[in-house]
Amino acid sequence: MTTFDLAGVTKTYPGAQPVEALRGVDLRIGPGEFLAVEGPSGSGKSTLLNILALLDAQTSGTYRLDGRDVASLGERERARLRGETFGFVFQGFHLMDHRTVVDNVELGMLYAGVPADERRLRALEALDRVGLSETAHRRASDLSGGQRQRVAIARALSVGSGTIVADEPTGNLDTATSESVLELLTDLHRTGTTVVLVTHSPEIAARAQRRLVVRDGLVVTDTGGVGAGAAEGVGTATTAVAGLDLLLAGPSPEATGPAGGEDRRRARHRVGFRTVVRDAAASVASRRGRTATLAASVAVGVALALTTVGLSASAQAQVSERFDARLNRAVTLTMPLAAAEAGLPVVVDGTAPGVPGEAVARLADLPGVDAAALVSRNGMMTVALPGEAASVPDAFLLGVGDGIDHAAELGVDWAGGTPGPLGDGEVLLGRAIADRLGLGPLSARPQVVLDGRSFVVRGIVDQGYRVTNVIQAVLVPVDVAAALRPAAEHEVYVFTATGAAQQVAAQAPLVLRPSTPEAFTIVAPPDPRGLRGEIENDVRTILLVLTGVAILASVVSLTSAMTMSVLERSREIGMRRAIGAQARHVSRLVMTEAALVGVVGGVAGAATGVAALLAITIARRWTPVLDLGHVPVAVAGGVVVGVLGGVAASLRARRIQPSEALRV
Ligand code: ADP
Ligand code: MG
């Protein structure tokens with residue numbers, strides 16, 4: 001049992017107008033006393049009680065607890081000593097309304113490191129003691145005021161600390177229920193517990209064995225000295241009342257001697273990981289609505305991130321498919337004929353320079369080749385309308401082989417809509433030449449004149465990004481072009497099967513001119529993997545930035561929601577501190593709750609993300625690319641968001657002062 005010794009204790013609340021709540025209190029309370037502190041409202045009773053119970057520190061004077069000056073104690077030591085020495089009962093009950101009665105009682109022992117089984121056992125025993133066994137598994141908020149205060153008393157006495165401090169415990173109760181609470185306190189005193197009861201009511205104070213009257217921060221009356229109840233109290237503590245043995249057996253450090261006591265205190269004060277998780281889980285589960293709201297802010301971020309990453313994969317596949325379908329299939333081989341004529345070793349096999357027509361046909365039959373066609377560049381010439389109605393002097397003359405529109409990916413507007421090989425007396429005109437000539441509609445079968453010879457216009461070339469100047473050209477069959485002007489260059493255009501471009505580019509020169517493959521300049525797409533990778537990287541970078549923004553938004557909104565939630569729970573947190581939780585225990589609880597919210601949000605977000613991804617890709621007729629490995633990563637991401645979002649709240653929770661939070 002414990003002795004409390006205050007000498008010259010003052011308390012001044014700082015502020016613009018400092019309040020001298022206590023102005024020099026000398027008080028000694030011995031083991032087993034039943035002391036009532038009475039006085040009008042504002043006289044300093046609660047302040048005195050808070051200092052006595054280590055919830056607040058005095059401004060000056062000394063306070064010795066069992067002879068030890070408490071001013072020398074650090075935060076952890078104070079919390080430990082507070083939890084071990086006192087059981088708390090407040091006017092406002094301070095129960096966790098959403099949790100069960102037995103959970104509330106167990107909370108009293110949580111920070112004393114009592115093992116889970118024993119906590120449950122002792123809690124039920126304490127509930128039995130206050131006559132509430134029946135209600136153990138109901139929600140605390142379902143109970144009446146009197147019952148709630150008895151739960152608070154059960155919580156206070158379950159710890160087995162030798163001292164109960166009660167600040168206006170009947171302040172919120174009617175006369176009849178007040179009576180049952182007072183009887184309980186009297187009973188506790190009878191079994192050896194020290195009781196300090198704060199009340200503004202003289203009738204209630206009259207129930208105590210010793211009365212202390214406080215007025216304006218000073219003790220004006222004290223009816224009894226130290227130790228009045230000590231002898232009797234200690235004697236009966238563990239023996240008199242059957243059933244309370246377990247309750248009163250635990251905490252008294254003197255019982256094991258100073259050294260053993262210290263070790264034991266340490267061991268008892270450890271709060272295990274499982275205990276924290278269970279406590280946090282119960283807390284999260286007890287407030288479904290709030291948890292759902294908090295988890296939703298995590299889920300939004302996780303879902304966005306997952307959708308973005310998933311869409312990125314699907315979009316990449318889409319980009320790559322299109323990429324393969326186009327650029328990746330074009331191979332062009334160029335052979336300058338003028339250079340060959342100038343004596344370069346292009347022709348060593350005795351044949352004429354350039355690409356023979358049948359060689360192109362062989363190339364077109366090669367596996368992996370969809371189409372191949374020859375283009376010769378035969379200088380420039382004048383294109384005129386019949387009767388010199390209009391003329392263009394600088395048209396490029398191109399000779400083209402069959403299937404050039406397919407092989408060189410030309411966009412051709414064919415007369416009558418029917419494509420086909422060019423006949424001897426037929427031309428294709430580049431769009432620019434046709435426009436400059438003011439050519440009439442194709443349906444009128446317009447004609448043009450080249451070197452005095454008439455040709456029928458079979459079509460207009462609108463597009464052709466691969467063939468240089470094709471829009472500025474007049475296209476005729478290769479041999480017709482050769483008859484008009486000598487060819488200066490041969491070009492072979494190849495359109496390959498998807499992914500075959502590299503291989504075709506390697507084989508084509510050998511097929512075209514087996515003896516002099518080196519005579520060609522070859523333009524093939526860059527290694528598709530490289531270029532594709534670059535595009536994919538760009539897409540990925542953009543989407544990763546978006547993901548980061550989504551996650552950040554989640555963390556920010558969770559931070560504010562969690563902080564609000566912690567402030568709303570400041571009484572519960574204050575109560576936990578009173579019961580012996582250290583600041584770090586409180587932050588650990590908040591962080592664990594945040595992580596659990598993160599798990600819930602992560603799972604919900606992953607589900608939403610997958611659903612959104614499927615919906616979007618199906619709507620766009622893409623192939624959804626879903627990496628199932630992303631799902632656990634998303635859930636883990638939820639936990640990270642939860643933990644990050646909980647940091648500010650946990651720092652805020654640490655700063656909650658129990659003496660402030662517990663004022664009604
Ligand atoms: P009682 O419990 O007897 O009603 P209190 O101990 O609560 O009295 O308060 C004593 C005086 O100190 C009152 O004037 C009260 O307004 C003032 N007081 C209490 N707490 C604070 C505080 N945190 N800051 C400033 N003044 C306070
Ligand atoms: Mg008060």
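Helices (H or I, at least four residues) and strands (E, at least two) are DSSP runs, numbered from the N terminus.

## Model and conventions

This is a predicted model, in which local features need pLDDT of at least 70 and side-chain atom pairs count only at pLDDT 80 or more, while totals for chains, interfaces and linings use all residues. Residues are numbered from 1 along each chain as its sequence is written, chains are lettered from A and ligands numbered from 1 in the order in which they are written, and side-chain values use heavy atoms, with hydrogens and water left out.

## Annotated transmembrane spans

The unreviewed UniProt entry annotates residues 542-567, 594-619 and 631-651 as "transmembrane region"; such annotations may be inferred rather than shown by experiment. Residues 594-619 are 100% helix and 0% strand, with end C-alpha atoms 36 Å apart. Residues 542-567 are likewise 100% helix and 0% strand, and their end C-alpha atoms lie 38 Å apart.

## Shell around ligand 1

Ligand 1 has 13 residues around it (a heavy atom within 4 Å), of which Gly-42, Lys-45, Ser-46, Thr-47 and Arg-663 come nearest. The shell divides into 4 nonpolar, 6 polar and 3 charged residues, where Ala, Val, Leu, Ile, Met, Phe, Trp, Tyr, Cys and Pro count as nonpolar, Asp, Glu, Lys and Arg as charged, and the others, Gly among them, as polar. The largest share, 3 residues, comes from α1.
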